[in-house]
Amino acid sequence: MLLELKNVSKIFGSGCNNCLPETGEQADRAICPVCHSVVAVNDVSLKVKDKEILGVVGESGSGKSTLLQLIFQDQPVSEGTIFFNGIKDREGNNCNILELPPARKAWLRNHEMSMIYQNPHLGLNFNFSAGGNIAEKILGAGEKRYEVIRDQALYYFGKIEMPRSRIDDYPDNFSGGQQQRIQIAKALSSSPRLLLLDEPTTGLDVSVQARILDLIKALQYEMGFSMIVVSHDLGVINHLTDLTLVMKNGSLVEYGLTDQILEDPQHPYTQLLVSSKL
Amino acid sequence: MTTDNITFGFFDEDAKKEIRRAMLKAVALPGYIVPFASREMPIARGWGTGGLQVTLSLITDKDQLKIIDQGCDGSVNAVNIRDFIVSVTGVEETTATPDATIIQTRHRVPEYPLSENQTLVYQVPYPEVLTTVEPDTARQKEMHANVDYAKLWVLLYEDTAQFGDSRISSRYPVVVNNHYVMDPSPIPKFDIPKLSDNPALQIFGAGREKRIYAIPPYTDVKPLKFSDREFAIEDFSGKACERCGSEDVFLDEVHLDDGVHFFCSDTYHCDTHLKEDRGAA
């Protein structure tokens, strides 16, 4: 088991005892009727194994992106626990990564996980060159030899099929699809065990989408990391993932093999989602 | 100027106490930036008020005071600050580096090696080394606490990739005691090696930014540098001071109509070297 979430919830607002029971799938709402807090993620438990690719689908506002941000620690978790393989306390027991001291959390983010955002402005620092952005991740993982950093940056820059001569250019000077590929190079440069992708190809034209999906798939096959892919595009989910979970109003409504979910959806909401596919 | 009604050291005792507390904290946490209540001074902010406040709260009537501006005892800024401190304390002034117990400096470390009974007070314009890469002060504090200096290293990486070495000429970032990365004030790279393992106490005061930090005696200070790259200081090989003939010191480059001339930046060093030469002749 690489990653395990147990009863994870995220409440935006003051929060009260009614928040979780009064919202979610059954209640068919995400806003608590008592305190009017927004329950973005409601009591979600899931497991990701090594090399597994998990897709997360759902309509906008269903809590897909928030779930990723909770795993990547971009947002504090309101309730629940998250375990990551190999993260242990002093006694050698698996420990909740949410309770780690800041330095170890940073270590986890730099060494073990990487996130690719829909908007390159979130994932890349536009004041640094493309190579500098990749170097930032390698430096964050503790490497302090220039030659090694430069070689690694060039290696991952090559992996995303970019000419080496452009490595010192700034992200502004690249197209949207190229910026997305630089994000991928940056994310992979620390050899993470878990890659989180938040709508990685949304907003790109279809031919570029296809190339980026193929690239991600090839790199995953080669390097063997696990992935969690958030997308509202069932085509992307179908193309990339082995397992899929469906979210609605912050709750997990269906979970299973991707093929099974797309061919034979059980939950009425999933049926609606699949039947609405263009 | 009459000084009959002014307390010793210009400040009242409470003010001195507050500044000394900030300094004690700074010494206890080498390289950590401590905020303090920077006072209005009779000179404008940005003209050495940080160093001045540190000096005034440290000084006793037994101290010997030396003030330099870019190594020079005679520049207007140095003379004014020295005259002011002497007028409110009556301490003895000196230009001799080995005789001074407190040396307040702007942008240089004296050439003459310092000793344990000396304190070097720096005037600092920009105390926070992370400002160039992270404007948010709350984030800066987190980054210092987590020893997260990846963004500073990226600047170094980019310079090395594009120009072969760092382009920073002064204010070169240093790692103090293997933890905090610190702005050493705009001293040249030439002076960076002198910060490390120095027997003297080094205190940095930024009056406009209201910050104090310190390097205690014999503290390890390293320039921020990739482990497979050498830290290079200014190269003055083949050049010597035209006045005293010194080599191996930091030289000022003076552009005149008849070309470029080089002189010692440290005037005390220049004067003593000149005397030694004449004595020998």
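B:Val34 stands opposite B:Ile212, a residue of strand E9 of chain B. This is a detail of a predicted model. The two strands concerned, E1(B) and E9(B), the latter spanning residues 211-215, pair in the antiparallel sense over two bridges.

Both strands belong to an open sheet of seven strands in chain B, ordered E1-E9-E8-E5-E4-E2-E3, with mixed pairing. The edges of this sheet are formed by strand E1 (34-35) and strand E3 (92-93) of chain B, each of which pairs on one side only.

## Confidence of the prediction

For the complex, the predictor gives an ipTM of 0.84 and a pTM of 0.87. Chain B has a mean pLDDT of 94, and 98% of its residues reach 70 or more.

## Helices around the chain B sheet

On the H1(B) side, the contact is made by B:Lys16, B:Ile19, B:Arg20 and B:Met23, and on the H2(B) side by B:Gln53, B:Val54 and B:Ser57. By class, this contact has three nonpolar, two polar and two charged residues.

## The domains of chain B

Chain B is divided into domain 1, made up of 13-132 and 157-223, and domain 2, which covers 235-281. The C-alpha centres of these two domains of chain B lie 25 Å apart. Between them, 14 residues of domain 1 of chain B are in contact with seven residues of domain 2 of chain B. The side of domain 1 of chain B that touches domain 2 of chain B has six nonpolar, five polar and three charged residues.

A hairpin is formed by E11(B) and E12(B), with two residues between the strands. Strand E11 (residues 251-256) and strand E12 (residues 259-264) of chain B run antiparallel and are joined by six bridges. Within this pair, B:Leu256 stands opposite B:Gly259 of E12(B).

## The chain A sheet and its helices

Chain A contains an open sheet of six strands in the order E5-E6-E7-E3-E8-E9, and its pairing is mixed. Strand E5 (113-116) and strand E9 (251-257) of chain A are the edge strands, each pairing on one side only. On average, neighbouring strands of this sheet are turned by 15° against each other, direction ignored.

Within the sheet, strand E3 (residues 53-57) and strand E8 (residues 243-248) of chain A pair in the parallel sense over four bridges. A:Leu54 stands opposite A:Leu243 in E8(A). Helix H11 (residues 268-275) of chain A packs on the sheet and touches E3, E8 and E9 of chain A; the direction of H11(A) makes about 105° with that of E8(A). Helix H7 (residues 176-188) of chain A lies across E5 and strand E6 (194-198) of chain A, running at about 170° to E5(A).

## Where the two chains meet

The contact between the chains involves 18 residues of chain A and 15 residues of chain B. On the side of chain A that touches chain B, helix H3 (102-111), helix H5 (130-140) and helix H6 (146-159) of chain A each supply at least two residues. The largest share of that side, six residues, comes from H5(A).

By class, the residues of the side of chain A that touches chain B divide into eight nonpolar, four polar and six charged.

Note on methods. Residues numbered from 1 in each chain as written. Chains lettered and ligands numbered in written order. Predicted model: local features only at pLDDT ≥ 70, side-chain atom pairs only at ≥ 80, totals over all residues. Contact = placed C-beta atoms within 7 Å. Nonpolar A, V, L, I, M, F, W, Y, C, P; charged D, E, K, R; others polar. Pairing = 2+ DSSP bridges. pLDDT = per-residue confidence, 0-100. Domains from an automatic or database assignment. Axes fitted to C-alpha atoms, helices over the stretch in contact; angles between N-to-C directions.
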